[in-house]
Amino acid sequence: MRPRHLSRRGLLAGGAAALAACSASGPAQPSAPAPDSPETVLVKQLIAEKERTIALYSALIADGGERLVPFRDRHQAHVAELRKHVTGPGATGSPAPSGSPSPSGSAEPDKPSLSRLRELERKAAALRPKQLAGLSPGMAQLIASIGACEAAHVVALPKSL
């Protein structure tokens, strides 16, 4: 039996087909990062919210309100704990998306005052039970504990500095 020889035309056609098949699939494209889970989105929003609250406390502390240091420190502890549950971009906290309201529901810039802090704490504490649905048990417990701390702040904040 005689061995079959490929014609030059057949060889070129086969090579072109193989090249087309290889280039169609191409190198693996890096996949887009998976969107954050609803729980991760909530944690990032809480971090941003807490950072705004810490900034308000810090402004009052800088203005002579040293008695507020323990309140601010508790919020900083909340942020540290929340950050343990977020990795990658946004783990350091980022502003809440412009479409999401702050717990105060106000479009005005936050003006540091005790009454402003008390109202912020009250609204944040009232929001926490609504945020628990669909969370993992550990995260639900953490957020409920944060809400309890915020509720305690409402009554524990001094009336004046």
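View 1. Buried denotes under 20% relative accessible area, with a 1.4 Å probe and protein chains only. This is a predicted model, in which local features need pLDDT of at least 70, side-chain atom pairs count only at pLDDT 80 or more, and totals for chains, interfaces and linings use all residues. Residues are numbered from 1 along each chain as its sequence is written, and side-chain values use heavy atoms, with hydrogens and water left out.

**View 2. The buried face of helix 3.** Phe71, Arg72, His75, His78, Val79 and Leu82 are buried in helix 3. Seen down the helix axis, these residues fall within an arc of 110 degrees and so line one face; the arc is that of the directions from the axis to the C-beta atoms. Their packing partners are helix 2, helix 4 and helix 5.

**View 3. The packing of helix 4 with helix 5.** The two helices pack at an angle of about 145 degrees, with axes 8 Å apart. Axes are lines fitted to C-alpha atoms over the stretch in contact, and angles run from 0 to 180 degrees between N-to-C directions. Arg118, Glu121, Arg122, Ala124 and Ala125 of helix 4 meet Gly147, Glu150, Ala151, His153 and Val154 of helix 5.

Note on methods. Buried means under 20% relative accessible area, exposed over 50%, partly exposed in between (1.4 Å probe, protein chains only). Helices (H or I, at least four residues) and strands (E, at least two) are DSSP runs, numbered from the N terminus. Contact means heavy atoms within 4.5 Å.
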